[in-house]
Each structure stands twice: as structure tokens, then as C-alpha cells.
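Hi,

Here is the structure I promised to pass on.

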Amino acid sequence: MTTDERRDRLRDLVKDRGFAALGELASQLSVSESTIRRDLEMLEEAGLARRTHGGVYWTGDSDTISVFESRNDDFWAAKQSIGRAASELIADHDTILLDGGSTVYELARLIIHRPLQVVTNSLPVAHLLSTSDSIDLVMIGGCVRGRTSVTIGPLADSQLANIHVTTAFLSVAGVSPRGFFNSDMMLVESEKAMLASAERGIVLADHSKFGKTSLSRICELQQIDTVVTDDGLDSDAKAWLESAGVQLRLAQSPLTQSSQAPSPHKTSTPAPAASPSNSSPTHSLNNANLS
């Protein structure tokens with residue numbers, strides 16, 4: 001069995017079982033646990049699995065709820081980077097709310113084994129997080145929108161009116177100087193209820209969403225505490241957010257990361273150590289600090 005064949009088989013085993021112990025996988029594939037650990041690193045880097053003490057959980061797509069077929073779009077790598085940056089804004093034991101957007105789903109994949117309370121109206125997010133022993137999961141009921149597999153409508157809104165969360169994470173279809181937008185009017189009403197239930201609202205949106213509007217406005221810019229986007233955001237959009245007092249966190253795109261990585265084919269004399277710098281991918285506008 002070649003390395004690629006072994007890793008494909010490993011991926012299938014973890015996906016089929018949901019959780020698998022390291023020793024079990026090593027026995028099935030007739031390799032050492034150290035080899036399994038190296039292979040699992042590849043799965044984890046791809047966002048398909050999450051290692052835990054003694055084993056690994058599947059965090060990739062589920063065969064039972066098929067969503068987000070656009071994972072081959074030009075912005076999916078940016079969405080994954082945004083999800084990683086957003087996960088850093090969550091403290092263990094927080095109570096958070098996740099909507100049904102594709103970028104928020106990337107965030108959900110990264111928190112599956114953290115001790116959290118999670119409220120969601122997304123069937124894919126709920127299905128994913130239901131495999132975790134560390135997450136206290138609350139599913140919002142209501143009418144299921146088949147295209148996006150989210151629950152919306154009066155029942156969802158009434159449930160949201162009776163909960164309280166630390167942070168609501170929302171995806172949007174458009175961001176302009178007039179605010180944040182989505183194309184589904186019923187969904188927007190539920191997103192307004194989500195924001196009302198939260199101490200702070202955080203929007204996750206790749207740079208392609210900026211400068212666009214849609215059918216229905218969720219809220220004005222200043223009603224959102226933080227926007228997490230990728231470093232392709234242009235200066236005009238940064239100015240809108242700054243003038244509204246919105247905090248901005250820029251996730252480093254994979255292209256930027258690869259361009260900054262040292263080439264394995266070049267050697268050079270090490271540069272003198274630089275003095276400490278306060279530079280960071282997190283930009284705090286109007287001198288406000290990210291919490």
C-alpha cells in the first residue's frame with residue numbers, strides 16, 4: 001500500500017466511524033501509531049479531522065446532510081482562513097450562536113472539541129457539533145429552508161427572543177456603507193433576532209462580499225462589533241468600517257502565507273533578530289481592542 005493509498009484509507013475509516021482510536025487505526029492499516037499521527041496531521045490541516053487524546057474525530061462533510069457544494073469556488077480558502085481567525089475570538093466555556101452560512105460552518109469545524117455552549121439554526125452545523133462530547137448544543141426550531149438547511153420564521157424568532165449568548169457569528173451576502181445584507185427576507189428577520197440575543201455580533205465575510213448589497217438589510221455597520229475577513233479587503237471598505245467604529249480582523253490568505261514562507265531551495269545568512277513589533281493581522285479600529 002502506497003502512502004497516498006494509506007491516507008485515503010485512513011480518511012475513509014475516520015469518516016465512516018466518526019471517531020477512531022489511534023491504536024485501532026494503526027492495527028487496521030498495519031502501521032505504527034507514529035505513522036498514523038503523521039497521517040492525521042495531514043487530515044487535520046485539511047480541516048477533515050480533529051485529533052484528541054487517544055483518537056481522532058471526523059470534522060469533514062457528512063454524507064447525511066449535503067451542503068456547501070461550492071467548496072471549489074475561488075474564495076473557499078479565504079473562508080477557511082476567516083474561520084480560523086474567528087475561532088481565536090472564542091474563549092472556552094463561552095455561549096455562542098452560529099448561523100447557517102458557509103464561512104460560519106468553517107468556524108464550526110474548528111471548535112468541535114472545545115468546551116462551549118452553541119446555539120444554531122443550521123442543520124449542518126448541528127449535525128457536525130452533535131458528535132462532540134464537549135459541546136452543549138441547542139438547535140433552534142422553525143421552518144427549514146431547503147436550499148440552505150437553516151431554520152427560520154416566527155417559531156425560530158420566538159425561540160431566539162428567549163435566549164442569551166455572548167457572541168453571534170453571522171455570514172452575509174453583502175456589505176456596503178449602508179450596512180450588512182442578505183437575500184432572504186425571512187432569514188434576515190431571524191438574523192436580527194440573533195443579534196438581539198447576543199452581547200456582541202461578529203460578521204464573517206470574504207472580501208468578495210464588500211461593495212455589494214442584497215434584497216434585505218440586516219443592520220447598519222455600527223450595529224456589528226467585529227468583522228472578520230481576509231486580507232484581500234480594499235482600502236475603501238476598511239474606511240467604511242473605521243468610520244462606523246467597527247473592529248476589523250484580517251485573516252491571512254493562503255496565498256499570502258505561501259509567499260511569506262521561506263523557499264526550501266534557497267539558503268541565506270540569517271538576518272539579525274528584529275526588535276519586537278506590535279504588528280498583527282488583527283486591526284483594532286478607533287483604538288478599540290478585540291476581546
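Let's start with the sheet: S1 and strand S3 (residues 55-58) pair in the antiparallel sense over three bridges.

Before I go on, the ground rules. This is a predicted model, where local features need pLDDT of at least 70 and side-chain atom pairs count only at pLDDT 80 or more, while totals for chains, interfaces and linings use all residues. Residues are numbered from 1 along each chain as its sequence is written, and side-chain values use heavy atoms, with hydrogens and water left out.

Back to the sheet, which is open, has three strands in the order S1-S3-S2 and pairs antiparallel. Strand S1 (19-21) and strand S2 (49-52) are at the edges with a single partner strand each, so one side of each has no neighbour in the sheet. From one strand to the next the twist averages 20 degrees. Helix H2 (residues 22-29) lies across S1 and S3, at about 80 degrees to S1. For the angles, axes are lines fitted to C-alpha atoms (for helices, over the stretch in contact), and values run from 0 to 180 degrees between N-to-C directions.

H2 also packs with H1: their axes come within 11 Å and cross at roughly 135 degrees. H1 and H2 are therefore oblique to each other (under 35 degrees is roughly parallel, over 145 roughly antiparallel, 65 to 115 roughly perpendicular, and the rest oblique). Arg 6, Arg 9, Leu 10, Leu 13, Val 14 and Arg 17 in H1 meet Glu 24, Leu 25, Gln 28 and Leu 29 in H2, contact meaning heavy atoms within 4.5 Å.

The structure holds 14 salt bridges, counted when a side-chain nitrogen of Lys or Arg is within 4 Å of a carboxyl oxygen of Asp or Glu.

Last, helix H4 (residues 76-87) and helix H5 (residues 102-110) pack at about 50 degrees with axes 8 Å apart. That makes H4 oblique to H5.

Cheers

Terms used:
Helices (H or I, at least four residues) and strands (E, at least two) are DSSP runs, numbered from the N terminus. Two strands pair if DSSP finds at least two bridges between them.
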